[in-house]
Amino acid sequence: MATRVKTDQPTLGTLLKALRSRNGWTLKEMSDRSGIPVSTLSKVEHDRLTLTYDKLLQLSQRLNIRMSELFAENDASPEVAVTARRSIGDLDRAVRVNTPNYDYYYLCTELRRKRMIPIITRIRAKSVAEFGELVHHPGEEFIYVVAGQIVVHTEFYDPVTLDEGQSIYIDSNMGHAYLTAEGCDEAVVLGVCSSAEDGLMDSLMNLHG
């Protein structure tokens with residue numbers, strides 16, 4: 001005989017019942033507001049039926065509640081917003097920042113509050129002495145060599161040489177610098193910086209002074 005494992009996670013039925021109770025609605029009133037039949041709501045509340053994503057979306061929109069409320073009232077994890085943003089990046093519309101070591105082209109800058117910052121970078125610095133102090137900033141980053149050859153210097157590892165088509169992923173709070181390899185005057189890389197914290201773009205801009 002199978003044993004049902006108990007869980008502290010509330011079911012959709014108990015969440016709907018609690019929502020209805022908080023608002024003082026009858027099943028009929030909730031049905032009128034949500035557009036979902038009384039019989040369906042009753043079965044959901046008694047855990048004999050669940051709702052499809054489309055119905056959950058309909059419920060949240062018509063009752064003006066967050067989708068997260070339909071999954072777990074006591075869920076301490078942050079809400080993940082469902083968005084449909086899109087941005088086409090090209091160098092002509094990029095925000096260009098010139099420094100002695102690099103030319104940065106920040107892509108898709110019209111999107112605000114991004115968790116990822118895509119950057120095309122032209123690297124000219126040829127030595128750590130020329131580059132200066134290793135840089136640190138919050139988050140993580142991925143670098144892919146589009147053209148040329150680079151040497152990656154990091155705070156805790158020996159330098160590593162990357163050829164065209166190779167890539168590296170590092171924690172950005174570790175000191176790091178990207179230099180051109182011997183015999184290479186300029187290299188081009190695609191970088192993607194990411195951070196769970198807000199203000200990543202400000203942190204990157206501060207690196208440029």
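Ile117 stands opposite Cys193 in strand E9. This pair belongs to the contact between E3 and E9, which pair in the antiparallel sense over eight bridges. Two strands count as paired if DSSP finds at least two bridges between them. Helices (H or I, at least four residues) and strands (E, at least two) are DSSP runs, numbered from the N terminus.

The model is predicted: local features need pLDDT of at least 70, side-chain atom pairs count only at pLDDT 80 or more, and totals for chains, interfaces and linings use all residues. Residues are numbered from 1 along each chain as its sequence is written, and side-chain values use heavy atoms, with hydrogens and water left out.

The secondary structure of the protein comes to six helices and nine strands. Of its 209 residues, 38% are buried. Buried means under 20% relative accessible area, exposed means over 50%, and partly exposed lies in between (1.4 Å probe, protein chains only). The protein exposes about 13400 Å². Carbon and sulfur atoms supply 50% of that area. Accessible areas come from the Shrake-Rupley method with a 1.4 Å probe; for residues, only the protein chains shown count as cover. Among contacts with a separation of 6 or more, 60% join residues 24 or more positions apart. Contact means heavy atoms within 4.5 Å.

The sheet comes next. Six strands form an open sheet in the order E1-E2-E3-E9-E4-E7, with antiparallel pairing. Strand E1 (95-98) and strand E7 (167-171) stand at the edges. Each has a single partner strand, so one side of each is left without a neighbour in the sheet. Neighbouring strands of this sheet are turned by 20° against each other on average, direction ignored. Here axes are lines fitted to C-alpha atoms, for helices over the stretch in contact, and angles run from 0 to 180 degrees between N-to-C directions. Strands of a sheet pair through backbone hydrogen bonds, either parallel or antiparallel.

On another flank of E9, seven bridges join strand E4 (residues 140-147) to E9 (residues 187-194). These two strands run antiparallel. Tyr144 stands opposite Leu190 in E9. Ala147 stands opposite Val188 in E9.

Strand E2 holds Asp103. At 8% relative accessibility, Asp103 counts as buried. Apart from neighbours within four places in sequence, Asp103 is in contact with Arg96, Val97, Asn98, Ile120, Thr121, Arg122 and Arg124. Its C-alpha atom is separated by 10.0 Å from that of Ile119, 16 residues apart along the chain.

The helices follow. Helix H1 has 12 residues (residues 12-23). At 1.5 Å a residue, H1 should span 16 Å; its end C-alpha atoms are 17 Å apart, which agrees. The expected span is 1.5 Å times one less than the number of residues in the helix. In H1, Leu12, Gly13, Leu15, Leu16, Leu19 and Arg20 are buried. They cover an arc of only 165° around the axis, which puts them on the same side of H1. The arc is that of the directions from the helix axis to the C-beta atoms. On the other side of H1, Ser21 and Arg22 are exposed. Just after H1, Gly24 takes a positive phi of about 70°.

In helix H2 (residues 27-34), the buried residues include Met30, Ser31 and Ser34. They cover an arc of only 100° around the axis, which puts them on the same side of H2. Gly35 follows H2, with a positive phi near 80°. In helix H3 (residues 38-45), Thr40, Leu41, Ser42, Val44 and Glu45 are buried. The buried residues of H3 pack against H1 and H2.

Some backbone angles stand apart. Most residues other than glycine have a negative phi, and most peptide bonds are trans. Just after H3, Asp47 takes a positive phi of about 60°. Asn64 has a positive phi of about 60° although it is not a glycine. Asn64 sits in the loop between helix H4 (53-63) and E1. With a relative accessible area of 70%, Asn64 is exposed. Cys108, also not a glycine, has a positive phi near 55°. Cys108 lies in the loop between strand E2 (102-106) and strand E3 (116-123). Cys108 is buried, with a relative accessible area of 17%.
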